[in-house]
Amino acid sequence: MTNGPDKTASRHSRRIQRERRTIEAMIRIFCRKNHGQRHLCPECQELFTYAMCRLDKCPFGENKTTCARCPIHCYKPDMRERVRQVMRFSGPWMLLYHPYLTFRHYLDEWFIEPQPLQRRVGS
């Protein structure tokens, strides 16, 4: 018997969705300011697609910390460097264009502690 919807799943969903919106906003700012594109250029679209795929596969789910504090580096080295460049450039602009996402990102960074990854037991 359950007492309503699974709150774990809904929190997981909100946390990952916020992370998705944040990285998308950062990539869009980077592309617009550096490549002069109103829509994502092919290079930035590739990075965006890759980042969304990595978020979909994040083993931490609702307990996901910011990528900078994560004990697992799931990005390939070249993509990780590209994301770092995007974040370095877009971070200051995020305060202007997306202050709420910026505030929540910093809260997540400060208050969500990296969790040890639990090994799944197969049946």
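A cavity is a set of points, on a 1 Å grid over the protein atoms alone, where a 1.4 Å probe fits but cannot get out. A pocket is an open set with protein on both sides within 12 Å along at least five of seven lines. Lining residues have an atom within 4 Å of a point. Grid points are joined across faces, edges and corners, and a volume is the space filled by probe spheres set on the points.

The model is predicted; local features need pLDDT of at least 70, side-chain atom pairs count only at pLDDT 80 or more, and totals for chains, interfaces and linings use all residues. Residues are numbered from 1 along each chain as its sequence is written, and side-chain values use heavy atoms, with hydrogens and water left out.

One cavity of 30 Å³ or more is present in the structure. The volume of the largest cavity is about 50 Å³. Its lining consists of Glu19, Ile23, Ala51, Leu55, Cys67, Tyr75 and Met87. Helices α1 and α2 are the elements that give two or more residues to this lining.

The protein chain has four helices and zero strands, where helices (H or I, at least four residues) and strands (E, at least two) are DSSP runs numbered from the N terminus. Along the sequence the pattern reads α-α-α-α. Of the 123 residues, 32% are buried; buried means under 20% relative accessible area, exposed over 50%, and partly exposed in between (1.4 Å probe, protein chains only). Among contacts (heavy atoms within 4.5 Å) with a separation of 6 or more, 75% join residues 24 or more positions apart.

The largest pocket holds about 600 Å³ of space. Its lining comprises 28 residues, and Thr66, Cys67, Ala68, Val83 and Met87 lie nearest the centre. At least two lining residues come from each of α1 (7-35), α2 (42-56), α3 and α4 (99-111). Helix α3 gives the largest share, seven residues.

Thr65 sits in the loop between α2 and α3. Thr65 is buried because its relative accessibility is 3%. The C-alpha atoms of Thr65 and His105 are 9.4 Å apart, although 40 residues separate the two in sequence. Arg82 belongs to helix α3. With 19% relative accessibility, Arg82 also counts as buried. Beyond residues up to four places away in sequence, Arg82 touches Glu43, Glu46 and Leu47.

Five salt bridges were found in the whole structure; each is a side-chain nitrogen of Lys or Arg within 4 Å of a carboxyl oxygen of Asp or Glu. One of them joins Asp56 and Arg20, at 2.6 Å from N to O. This pair links distant parts of the chain, with Asp56 in helix α2 and Arg20 in helix α1, 36 residues apart. Asp56 is exposed, at 56% relative accessibility, whereas Arg20 is partly exposed, at 21%. Glu24 and Arg28 form another salt bridge, with 3.1 Å between the closest N and O atoms. Both residues lie in helix α1, four residues apart, about one turn of the helix.

At the surface, Trp93, Leu96 and Tyr97 form a nonpolar patch with about 300 Å² of accessible area together. Patch residues have over 30% relative accessible area and no salt bridge; like charges are joined within 9 Å, nonpolar side chains (Val, Leu, Ile, Met, Phe, Trp, Tyr) within 5 Å. Accessible areas come from the Shrake-Rupley method with a 1.4 Å probe; for residues, only the protein chains shown count as cover. Leu96 lies in helix α3 (residues 77-97) and is exposed, at 58%.
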